[in-house]
Amino acid sequence: MTTLRVEREENDGWVLLRVHGDLDLGTGGRVREAVREAVAEGSRRVVVDLAEVRFCDSTGVGVLIGARRLLRSCGGELRLVLPRTDVAPGAIPSQVHRVFAALGVHRLFTVVEQSRGEHRPQ
């Protein structure tokens, strides 16, 4: 059984959803619901932090595409924080990066950097 935890916080008009665990068919609904809840409460700027996601399948990517579509439909914006890529020579990209690359969806999302444990949407 896969596990997933979503933590929510607000900062400077952005809702930050920190996702921990595996984002897949069995858990994607929790992320979908967290985004819908934020939008229903009036939030139009959401960051989904995937830095602690160990595994993401095409269903998880579909949830993120749906979240982007929802926010754009109400004049909002979705940004992602992806797991850090190690810049060491020969480093293997994270599984999340590999799935995004295989599906060709990087270009759909605005990706923000993680900085000293904080996320800085611009």
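Is Glu-41 buried or exposed? Glu-41 is exposed, with a relative accessible area of 52%. The legends below place this residue and others in close-up views.

The model is predicted, so local features need pLDDT of at least 70, side-chain atom pairs count only at pLDDT 80 or more, and totals for chains, interfaces and linings use all residues. Residues are numbered from 1 along each chain as its sequence is written, and side-chain values use heavy atoms, with hydrogens and water left out.

**View 1. Glu-41 pairs with Arg-8 in a salt bridge.** The N to O distance is 2.9 Å. A salt bridge is a side-chain nitrogen of Lys or Arg within 4 Å of a carboxyl oxygen of Asp or Glu. Glu-41 sits in the loop between H1 and S3, and Arg-8 in strand S1 (residues 4–11). They are 33 residues apart, so the pair links distant parts of the chain. Helices (H or I, at least four residues) and strands (E, at least two) are DSSP runs, numbered from the N terminus. Arg-8 is partly exposed, at 31% relative accessibility. Here buried means under 20% relative accessible area, exposed over 50%, and partly exposed in between (1.4 Å probe, protein chains only).

**View 2. Arg-54 meets Asp-22 across two strands.** Their closest N and O atoms are 3.3 Å apart in this salt bridge. Arg-54 belongs to strand S3 and Asp-22 to strand S2, so the bridge ties together parts 32 residues apart in sequence. Arg-54 is exposed at 54% relative accessible area. Asp-22 is buried at 12%.

**View 3. Glu-77 and Arg-79 form a salt bridge.** The closest N and O atoms are 2.6 Å apart. Glu-77 is partly exposed at 27% relative accessibility, while Arg-79 is buried at 8%. Elsewhere, salt bridges with shared partners join Arg-8, Glu-10 and Glu-41 into one network. The whole structure holds seven salt bridges.

**View 4. The largest nonpolar core has 28 residues.** A nonpolar core is a set of buried Ala, Val, Leu, Ile, Met, Phe, Trp, Tyr and Cys residues joined through side-chain atoms within 4.5 Å. Val-48, Leu-50 and Phe-100 have the most contacts inside this core. Strands S2 (14–23), S3 (45–56) and S4 (77–81) each supply at least two of its residues. So do helices H1 (28–40), H2 (58–73) and H3 (95–103). Leaving out residues up to four places away in sequence, Leu-50 touches Val-19, Leu-23, Leu-64, Val-81, Leu-82, Pro-83 and Phe-100. Contact means heavy atoms within 4.5 Å.

**View 5. Phe-100 and Phe-109 form a tilted pair.** This is the one aromatic pair in the structure. The ring centres are 5.8 Å apart and the planes stand at 50 degrees. Rings of Phe, Tyr and Trp (its six-membered ring) pair if their centres lie within 6.5 Å; planes under 30 degrees apart count as stacked, over 60 as edge-to-face and the rest as tilted. Phe-100 is buried at 1% relative accessible area. Phe-109 is buried at 8%.

**View 6. H1 packs against H2.** The angle is about 10 degrees and the axes are 9 Å apart. The two helices are therefore roughly parallel to each other (angles under 35 degrees; over 145 is roughly antiparallel, 65 to 115 roughly perpendicular and the rest oblique). Axes are lines fitted to C-alpha atoms, for helices over the stretch in contact, with angles from 0 to 180 degrees between N-to-C directions. Gly-28, Val-31, Arg-32, Val-35, Arg-36 and Val-39 of H1 meet Val-63, Ala-67, Leu-70 and Leu-71 of H2.
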